[in-house]
Amino acid sequence: KGMGKNVVAVRHPMPYGDLAKQKVQRFATYEDLDLHDCTIEEREEYEPHIDCGVIVYAGVDYEAILREAEKEADVILWDGGNNDFSFYKTDLYITLVDPHRPGHEVKYHPGETNLRLADVVVINKIDTANASDVLTVRQNIEAANPKAVVASPLFVEEYEKIKGKRVLVIEDGPTLTHGEMKYGAGVVAARKYGAAELVDPRPWAVGTMAATFEKYPGIGTLIPAMGYSGQQVKDLEATINAVECDLVVSGTPIDLTRVCKNIKHPMLRVRYELQEIGKPDLADEI
């Protein structure tokens, strides 16, 4: 709740089931995620908001969603991920760019559209990216839409547990499959904090998880958190448990143990927290 205001986040469409039932969805608690039978991908988008005490709306009818959100919100935050631009006319447009994938900010639609529409551009993860890649992103922003620049580093609780361990990394699913990213926050953290080895999970992959690796052979030595069905969740958990490793490092934005409740390996979560570098900063712009 920024500055004493009630903030509601409205997320872009992610329903996979009965669309009539999903006209307007409201998520205020973790139990609401179960109530609406959310996939892991949906949880990855909604759960971080709930962690911060922010209510999330989603669904199908974005006129109806807006009217419901307005009843309890002073500020509405459109959260479109990388999949769309805002469905609503905005007062402040913030776009996030990633120097681990330099050039993508002007390569994809609607990513470039979001860059050009932005009032504020946030460059993420600069403490773990190559300086040349950060420069490439800065130059692309300057060419397309010169705006404010902010940055955020990795945040890992008990990071010292990573050093010297054989680590299995789990990452956000869609980013590593059709998103064309070759690694995420989990891999960056494992390398940064001295993992002895990144364990390749493919020899242990079962069922739909094995099929995912066959479909996307470029995924590499990590597990994408696939969970679009009950069977995928079961196969994800079975694969994690089968892998011979010392530690699981989870770079997916959710607490995976809420979905996969019987993971036998110790697990650390990796997150990004905002640390603003230079002026103007995001708070000033807001």
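**Salt bridges and a helix pair**

Colleague: What do the side chains of R67 and E63 meet in?
Modeller: Keep in mind that this is a predicted model. The N to O distance for R67 and E63 is 3.0 Å, and the cut-off is 4 Å. Both residues sit in helix α3 (residues 62–72), 4 residues apart, about one turn of the helix. So with that distance within 4 Å, the side chains of R67 and E63 meet in a salt bridge.

Colleague: Now D34 and R43, which meet in a salt bridge at 2.4 Å, N to O. Is R43 buried or exposed?
Modeller: D34 counts as partly exposed, at 49% relative accessibility. R43 has a relative accessible area of 7%, and the limit for buried is under 20%. So R43 is buried.

Colleague: How are α8 and α9 oriented to each other?
Modeller: Helix α8 (residues 207–215) packs with helix α9 (residues 230–242), their axes 6 Å apart, at an angle of about 85°. Angles of 65 to 115 degrees count as one class, so α8 and α9 are roughly perpendicular.

Colleague: Which residues of α8 make that contact?
Modeller: On the α9 side, you'll find Q231, Q232, D235, L236 and T239. By class, the contact has 2 nonpolar, 5 polar and 1 charged residues. From α8 come G207, T208 and M209.

Technical notes:
Residues numbered from 1 in each chain as written. Predicted model: local features only at pLDDT ≥ 70, side-chain atom pairs only at ≥ 80, totals over all residues. Heavy atoms only, no water. Axes fitted to C-alpha atoms, helices over the stretch in contact; angles between N-to-C directions. Helix = DSSP H or I, 4+ residues; strand = E, 2+ residues; numbered from the N terminus. Parallel < 35°, antiparallel > 145°, perpendicular 65-115°, else oblique. Contact = heavy atoms within 4.5 Å. Nonpolar A, V, L, I, M, F, W, Y, C, P; charged D, E, K, R; others polar. Buried < 20%, exposed > 50% of the residue type's maximum accessible area, 1.4 Å probe, protein only.
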